[in-house]
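I set down here what I looked up, entry by entry. The notes follow the order in which I turned to each part.

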Amino acid sequence: MNDDRDRPADAEADGAPDIWSALRQSTAARIGLGRAGNAIPIGEVLKFQQAHAVARDAVHAALDIDALRAALAPFETRVVSSRVDDRPTYLRRPDLGRLLAEDDEAALAASAGDGYDIVFVIGDGLSSSAVQRHAAPVLHACRAALSDWSIAPVVIARQARVAIADPIGAALRARISVILIGERPGLTVSDSLGLYMTFGPRPGRRDSERNCISNVHRRGGQSYEQAARTLAWLARESVRLGLSGVNLKDDLPAEALDAAVATPRITD
């Protein structure tokens, strides 16, 4: 009786070459896993279960706000909440995660002064691990790329969805809002960070009015510097054209990845 345990899917006999090995070098997809009888080898089953557990942890783990604020120094920070009190409600009611708590909205508006060119919001989203690992270094890179812009205090939003940046941006009178948020984790990458930029943020903005830079992480994703340079270019184009979203094409020239062109502070 032949023993097929842990045999590659393409193997015809013992010692046959694994034709999948070269393909595995260019993709994180689970391909050519082999078989054990009529099932997947136990090693691959355990790897899948581990990846699933890591993805679940990314969704449910609480964001360490104190550690994040320390990593953001010397940025000034504010901490706000959506209208969600707990994680189970957040997962069931995405509409409430888009709304800013009324007291926090009033406090931000009272500190807005003359407004800002841009406000960065950090939202835990669906992967607090992505935010914990990547938000601070991305923001430091963004500040370097937009050194001539006035930047509002960084707002850390708990139990947040993307659209919470709209009332935050409006309260702070920011010309542009950018939310850095944990993307929905997968079985390959559980800590991917997304950046969503909106020109003229205000409640009621549609998703089609935003630009997204996604897949920011250290395992084959966009680098921090690349994400920051792309954002800086989009932000400058957004101000020049007076819009964001589907009508703002990501026609980023190659030279823009090397250095951003300076733009004076925006004034009314």
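Where is the place of arginine 173? I found arginine 173 in the loop between helix H8 (165-171) and strand E4 (174-182). I note at the outset that the model is a predicted one.

**Entry: positive phi values**

I read the backbone of arginine 173 and noted a positive phi of about 55°, although the residue is not a glycine. I then looked up its accessibility: arginine 173 counts as partly exposed because its relative accessibility is 47%.

I turned to asparagine 215, where phi is near 65°, again a positive value in a residue other than glycine. Asparagine 215 belongs to strand E6 (residues 210-216). With a relative accessible area of 35%, asparagine 215 is partly exposed.

**Entry: glutamine 222**

I located glutamine 222 in the loop between E6 and helix H9 (224-241). Is glutamine 222 buried or exposed? Its relative accessible area is 19%, and the cut-off for buried is under 20%, so glutamine 222 is buried.

I listed its contacts, leaving aside neighbours within four places in sequence: Ile213, Ser214, Asn215, Val216, His217, Ala227 and Thr230. Asn215, one of these contacts, is the residue whose positive phi I recorded above. I also took the C-alpha to C-alpha distance from glutamine 222 to serine 192, which is 9.5 Å for a separation of 30 residues in sequence.

I went through helix H3 (residues 65-72) and found Ile65, Leu68 and Leu72 buried. Why do they lie on the same side of H3? They cover an arc of only 60° around the axis, which puts them on the same side of the helix. As a reminder to myself, an α-helix has 3.6 residues a turn, so residues three or four places apart point the same way.

Asp66 and Ala70 are exposed, on the other side of H3. I then asked what the buried residues of H3 pack against. I recorded strand E1 (77-81), strand E2 (116-123), helix H7 (128-145) and strand E3 (154-158).

At the start of H3, I noted that a side-chain oxygen of aspartate 64 comes within 3.4 Å of the backbone nitrogen of aspartate 66. In the loop between H3 and E1 I found proline 74. The peptide bond that joins alanine 73 and proline 74 is cis, with omega about 10°.

**Entry: arginine 87**

I placed arginine 87 in helix H4 (residues 87-92). Arginine 87 counts as buried because its relative accessibility is 12%. A polar atom of the arginine 87 side chain lies 2.5 Å from the backbone oxygen of glycine 125.

**Entry: rings and charges**

How many aromatic pairs are there? My count came to zero, by the rule applied.

I next looked for charges over rings. The charged end of arginine 143 sits over the ring of phenylalanine 75, at 4.6 Å from the ring centre. The charged end of arginine 161 sits over the ring of tyrosine 90, at 4.2 Å from the ring centre.

Notes: Residues are numbered from 1 along each chain as its sequence is written. This is a predicted model: local features need pLDDT of at least 70, side-chain atom pairs count only at pLDDT 80 or more; totals for chains, interfaces and linings use all residues. Side-chain values use heavy atoms; hydrogens and water are left out. Helices (H or I, at least four residues) and strands (E, at least two) are DSSP runs, numbered from the N terminus. Buried means under 20% relative accessible area, exposed over 50%, partly exposed in between (1.4 Å probe, protein chains only). A polar contact is a pair of N or O atoms within 3.5 Å; within protein, one must be able to donate a hydrogen and the other to accept it, and residues adjacent in sequence count only if both atoms are side-chain atoms. The arc is that of the directions from the helix axis to the C-beta atoms. Contact means heavy atoms within 4.5 Å. Rings of Phe, Tyr and Trp (its six-membered ring) pair if their centres lie within 6.5 Å; planes under 30 degrees apart count as stacked, over 60 as edge-to-face and the rest as tilted. A charge sits over a ring if NZ of Lys or CZ of Arg is within 6 Å of the ring centre and within 35 degrees of the ring normal.
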